[in-house]
Amino acid sequence: MAPAPAPGSGLRRKGAAGPGSLRQSLRRAWQEKHRVLLAPQYTGLVAAWLCLAEVGVTHWVIRRVAYTEIDWKAYMDEVEGVVNGTFDYTQLKGDTGPLVYPAGFVYIFLGLYYITSRGTNIRLAQYLFAALYLVTLLLVFRIYSRTRKVPPYVFFFMCCASYRIHSIYILRLFNDPVAMAILFLAVNLFLEERWSWGCCFFSLAVSVKMNVLLFAPGLLFLLLWRFGPLGTIPKLSICALLQVVLGLPFLLENPVGYVTRSFDLGRQFLFKWTVNWRFLPEEVFQHRAFHLALLAAHLGALGLFALHRWHRSEGSLLSLLKDPAERKSPPQPLTANHILTLELRWSAQVVFVLFTSNFIGICCSRSLHYQFYVWYFHTLPYLLWCTPAGKLSHLLRVLILGLIELSWNTYPSTLCSSAFLHVCHGMILLQLWYGTTAPLEPQKTTPSLKKTQ
């Protein structure tokens, strides 16, 4: 006769959480310690330790490294104009020039204006941005846990090794990190099949800074694939409606001024701040033909990836214009392992489409300033490791990460730093093109047991 189980042991086996399961997880991790840094299933464990380490790192940086004023005072001056009753966007300005961000920026930094005693409590603002940095890391790690593509050792380079990212968040207080944190929240919602809420937060991120629109082509592709044209319209309506609601006080005052200032796609960039085009003569950098060539390259690359890398089913790209129920879908066995495989493949492909859409825009940008590094920094590990190791060795991928970091840490930028940045971007694009990724599953086999929203 088998011995009777110890009291409560059945409950510990049945429960998914609790001290017993935590001890078992830690014991298993210790037994397989040689795999903890290499196996993606340990992302959560490594992420927990790195986030704890980052609490100490950010606190040390705030206490020991001098704050540098760049745009914070200008942000406060701009929102102070709203406090004083000015809703004409053409009249809102700061030390560095006119307000050029949409209304979501105004509301968020208006809150920071009051919390930090009208922008004068810089130390409190730094700790708020340190908290934003940690929240961003949690959101990013959750994405990587869902996709299981990146070995955990890579996250050491993503967290503790980037001087520039810590500087952007807690020593410069730019608005770019705010937009990206909201964007990563939207990506998490997409992975949870909360598409309406995801579109809402995606639009909110756009209202903080327009760079988030670089993800828009990928999002449009995913919406068409997931819902078809008729189902996509309500999701896009959510994005548009939120922009109107947020901008309403300014639209009522001066609609043309608000739209032209906050969504100015033709704004000129100063050559002295460029990170990516330093090797060009300034007259070429500012020339309209150069800008049009970059736009053509951007659209062409998006089209090629949409045709040959995002869309990999038997039908043509025009199948996106069909209702998902009408698309060809081979029968799939619904075993537990198969559902888990489909979940991983679907999550990986959603992230692949969104991150490559943004990365293509980065490669074709008219100019990249130092704070723009945060636009794609947290996506680089996925872009480098989402394809099999045979396409690009682990050592070479780490080297590319290091060279990109070096390029962004070179101030002022040089001919070599800009050239190295483009070479690294080109190598990433090539391995994304020639690497293999899981195809999108038709809507019938989308691995969601929850009701799609």
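For sorting residues by class, I count Ala, Val, Leu, Ile, Met, Phe, Trp, Tyr, Cys and Pro as nonpolar, Asp, Glu, Lys and Arg as charged, and the others, Gly among them, as polar. The model is predicted, with local features needing pLDDT of at least 70 and side-chain atom pairs pLDDT 80 or more, while totals for linings use all residues. Residues are numbered from 1 along each chain, and side-chain values use heavy atoms, without hydrogens and water.

I looked up the largest pocket (an open set of points on a 1 Å grid with protein on both sides within 12 Å along at least five of seven lines, lining residues having an atom within 4 Å of a point) and found a volume of about 930 Å³. Of its 33 lining residues, Met210, Leu214, Leu265, Phe269 and Arg366 are the closest to the centre. By class, this lining holds 18 nonpolar, nine polar and six charged residues.

Helix 15 covers residues 288-310 and reaches 31 Å from first to last C-alpha, close to the expected 33 Å, the expected span being 1.5 Å times one less than the number of residues. Among its buried residues (under 20% relative accessible area, 1.4 Å probe) I noted Phe290, Leu294, His298 and Trp310.

Last, I turned to the second largest pocket, whose volume is about 760 Å³. Ile70, Asp71, Trp273, His369 and Gln371 lie nearest its centre, out of 27 lining residues.

Definitions and conventions. Helices (H or I, at least four residues) and strands (E, at least two) are DSSP runs, numbered from the N terminus. Buried means under 20% relative accessible area, exposed over 50%, partly exposed in between (1.4 Å probe, protein chains only). On a 1 Å grid over the protein atoms alone, a cavity is a set of points where a 1.4 Å probe fits but cannot get out, and a pocket is an open set with protein on both sides within 12 Å along at least five of seven lines; lining residues have an atom within 4 Å of a point. Grid points are joined across faces, edges and corners, and a volume is the space filled by probe spheres set on the points.
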